[in-house]
Amino acid sequence: MNVLLLGASGRIGRRIATELLERGHEVTGTSRSGEIDGIDDPDFGAVAADATDADEIASLAADHDAVASALGPSDDADVDVLVEMAEAVVEGLQRTDTDRLVWTGGAGGLRVDPETMLIETEEFPNELEPLAQAAIDAYGVIGEANDLRWTYLGPAAVIEPGERTGEYRTADRRLVADENGESYISMEDFAVAFVDELENEEAVHTYLGVGH
Ligand SMILES: NC(=O)c1ccc[n+]([C@@H]2O[C@H](COP(=O)([O-])OP(=O)(O)OC[C@H]3O[C@@H](n4cnc5c(N)ncnc54)[C@H](OP(=O)(O)O)[C@@H]3O)[C@@H](O)[C@H]2O)c1
């Protein structure tokens, strides 16, 4: 598969790029500058892209089988840039024949019980609420684009650099947690789940929780 990976310079994006390349896919990775250090593979090309610009997304996406996103707001940006990026990516793709989109989303909109999203729980850290709400708003944009074959992957509550075990569990719109209520996934195993979904298309039009 020939994949356009938006946000390939980020923490999760780098791991998705590595997973894709190890499985033999071709990857065009984007960052704002066009520089992506540390990925040395003949099947990888780095390009500059402003993900808030639908024209740029349309012209880049047109040559690819699928678009993957690990976009996130940079530290100096308003978190709502995430919603702008979702709007531009959806609009850009709608101008092309490329209709597959897999998005790295947030855990905040996943349910911990049938009536309660993680962001609504007392334990949810106040300082993370604006970013979690922006991710939920981005889901609102992507989830309405039913002319695209989108999948929105919500990681566990805690996602960190770690080990690639190849093991993970998924749940439709639910936070994945263990028997003690701990919700964790390594970025490497999230990348495994992400690429599995890109390849297998088992959760099209789904907000899928991913965890150990
Ligand atoms: N538990 C959770 O819910 C949880 C935890 C962690 C992360 N996440 C989500 O996962 C996603 C990725 O997280 P991360 O930690 O890997 O993020 P990150 O390291 O901050 O990477 C963000 C990526 O987005 C790119 N980017 C930012 N603004 C852009 C713009 N205007 N145009 C084009 N590219 C832009 C950055 O490129 P540059 O190189 O140009 O900066 C970078 O590649 C985020 O949406 C984050 O909210 C969720």
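Biologist: Is Leu60 buried or exposed?

Modeller: Leu60 counts as buried, with a relative accessibility of 17%, where buried means under 20% relative accessible area, exposed over 50% and partly exposed in between, using a 1.4 Å probe and protein chains only. This is a predicted model, in which local features need pLDDT of at least 70 and side-chain atom pairs count only at pLDDT 80 or more, while totals for chains, interfaces and linings use all residues. Residues are numbered from 1 along each chain as its sequence is written, and side-chain values use heavy atoms, with hydrogens and water left out.

Biologist: And where is Leu60 found, and what is it in contact with?

Modeller: Leu60 is found in helix α2, where helices (H or I, at least four residues) and strands (E, at least two) are DSSP runs numbered from the N terminus. Leaving aside neighbours within four places in sequence, Leu60 is in contact with Leu4, Thr30, Val47, Ala48 and Ala49, contact meaning heavy atoms within 4.5 Å.

Biologist: What about Ala58, which helix does that one lie in?

Modeller: Ala58 lies in helix α2 too, and at 10% relative accessibility it counts as buried. Setting aside its neighbours within four places in sequence, Ala58 is in contact with Gly92, Arg95 and Thr96. The C-alpha atoms of Ala58 and Leu93 are separated by 5.7 Å, although these residues are 35 apart along the chain.

Biologist: Leu93 belongs to which helix, and which residues of that helix are buried?

Modeller: Leu93 belongs to α3, where the buried residues are Val81, Leu82, Val83, Met85, Ala86, Ala88, Val89, Val90, Gly92 and Leu93. Because ten of the 14 residues of α3 are buried, this helix is largely enclosed by the rest of the structure. The cover over those buried residues includes β1 (2-6), α2 (54-61), β4 (66-69), β5 (100-104) and α4 (129-142).

Biologist: How far does α3 reach from its first C-alpha to its last?

Modeller: Helix α3, residues 81-94, reaches 20 Å, close to the 20 Å expected at 1.5 Å a residue, the expected span being 1.5 Å times one less than the number of residues.

Biologist: Stepping back, how many helices and strands does the protein chain have?

Modeller: The protein chain has five helices and twelve strands. Its radius of gyration is 16 Å, close to the 17 Å that the globule rule gives for 212 residues, so the chain is as compact as a globular protein of that length; that radius is taken over C-alpha atoms, and the rule is 2.2 Å times the number of residues to the power 0.38. Of the 212 residues, 51% count as buried, and among contacts between residues at least 6 apart in sequence, 71% join residues at least 24 apart.
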